[in-house]
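Student: I have just opened this structure. Can we go through the terms used for its helices?

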Amino acid sequence: MKFDDFDKEMRIYEESLDQYILPDMYIAARLDGRSFTRLTKEICKFEAPFDVKFRNLMIETVKTLMNVGFRIVYGYTESDEISLLFHPEERTFGRKVRKINTTLAGEASVAFSLALGQAATFDCRVVPLPNKDRVADYFVWRQEDSHRNSLNAHCYWALRKEGDGRNDATMELEGKSVAYKNELLFQKGINYNELPSWQKRGVGVYFKDVQKEGFNPVKREKVITQRRELFVDYEIPLGEDYREFVLRFLDGD
């Protein structure tokens with residue numbers, strides 16, 4: 001059998017499970033750190049419940065992913081996860097799910113590992129969304145998850161630092177209301193509303209036009225140029241304002 005025929009025959013098996021995102025669907029992707037609880041608490045011993053160094057590692061990973069060849073218009077990170085919003089006209093790899101997942105997971109794993117100096121891996125899942133409303137819903141959902149996890153983490157570690165074991169701290173919070181958890185923190189001298197926004201809402205990363213001062217060697221004079229750079233937003237909006245904030249990234253060029 002000729003190689004070309006053999007190659008075509010075997011590729012049927014390799015591509016039998018391939019999926020493609022339809023042209024009229026919006027694309028988001030979510031990456032999660034694999035076994036990051038052990039990595040952050042046991043191996044690297046980051047500060048709990050939140051560590052600025054770890055936050056910065058996640059932000060730098062987002063920035064890397066927004067510069068690997070896809071048209072990604074918005075990046076969001078909270079805890080050990082990253083969500084990315086693709087430009088509606090993104091067609092890289094023919095919108096093949098397998099290629100998007102493997103490329104993003106690989107790039108994130110390498111970027112984070114090199115920055116940390118310790119092996120770390122991410123998984124990735126493509127999220128097809130049918131319309132702009134669902135795009136906004138997706139990011140509001142992840143932000144709500146951030147808020148829930150943040151409140152639970154602050155309560156859990158407040159209890160742990162007072163001597164509660166893992167099981168006792170977990171049981172103390174199980175089934176408790178948001179009001180109860182806020183009061184628990186308040187009684188321990190922590191006003192949850194006054195904690196840094198990034199701990200509660202996550203961090204946004206997006207391209208922004210900035211003006212830079214340069215020098216024209218021919219005319220020997222200062223000039224102002226406009227460049228497009230990644231901006232890290234530690235104070236992203238909340239609720240309905242966040243919906244509008246996210247949707248604006250679908251209306252740009």
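Predicted model: local features only at pLDDT ≥ 70, side-chain atom pairs only at ≥ 80, totals over all residues.

Student: Why are helix 5 and helix 7 called oblique to each other?

Tutor: Helix 5 (residues 132-161) and helix 7 (residues 178-187) pack at about 45 degrees. Angles under 35 degrees count as roughly parallel, over 145 as roughly antiparallel, 65 to 115 as roughly perpendicular and the rest as oblique. Helix 5 and helix 7 are therefore oblique. Their axes, lines fitted to C-alpha atoms over the stretch in contact, are 10 Å apart.

Student: What makes helix 5 and helix 6 oblique?

Tutor: Helix 6 covers residues 166-173, and its angle with helix 5 is about 135 degrees. By those cut-offs, helix 5 and helix 6 are therefore oblique too. Their axes lie 9 Å apart.

Student: Which residues of helix 5 and helix 6 meet?

Tutor: Contact means heavy atoms within 4.5 Å. In helix 5, Asn152, Cys155, Tyr156, Leu159 and Arg160 take part. Their partners in helix 6 are Arg166, Ala169, Thr170, Glu172 and Leu173. By class, that gives five nonpolar, two polar and three charged residues. Here Ala, Val, Leu, Ile, Met, Phe, Trp, Tyr, Cys and Pro count as nonpolar, Asp, Glu, Lys and Arg as charged, and the others, Gly among them, as polar.

Student: Which residues of helix 7 are buried?

Tutor: Lys181, Leu184 and Leu185 are. Buried means under 20% relative accessible area, exposed over 50%, partly exposed in between (1.4 Å probe, protein chains only).

Student: Why are they said to be on the same side of helix 7?

Tutor: The arc is that of the directions from the helix axis to the C-beta atoms. These residues cover an arc of only 95 degrees, which puts them on the same side of helix 7. Helix 5 and helix 6 are among what covers them. The face turned away carries the exposed residues Ala179, Phe186 and Gln187.

Student: How do you know that the buried residues of helix 2 line one face?

Tutor: In helix 2 (residues 36-43), Phe36, Leu39 and Thr40 are buried. Seen down the axis, they fall within an arc of 85 degrees, so they line one face of helix 2. They pack against strand 1, helix 3, helix 4 and strand 4.

Note on methods. Residues numbered from 1 in each chain as written. Heavy atoms only, no water. Axes fitted to C-alpha atoms, helices over the stretch in contact; angles between N-to-C directions. Helix = DSSP H or I, 4+ residues; strand = E, 2+ residues; numbered from the N terminus.
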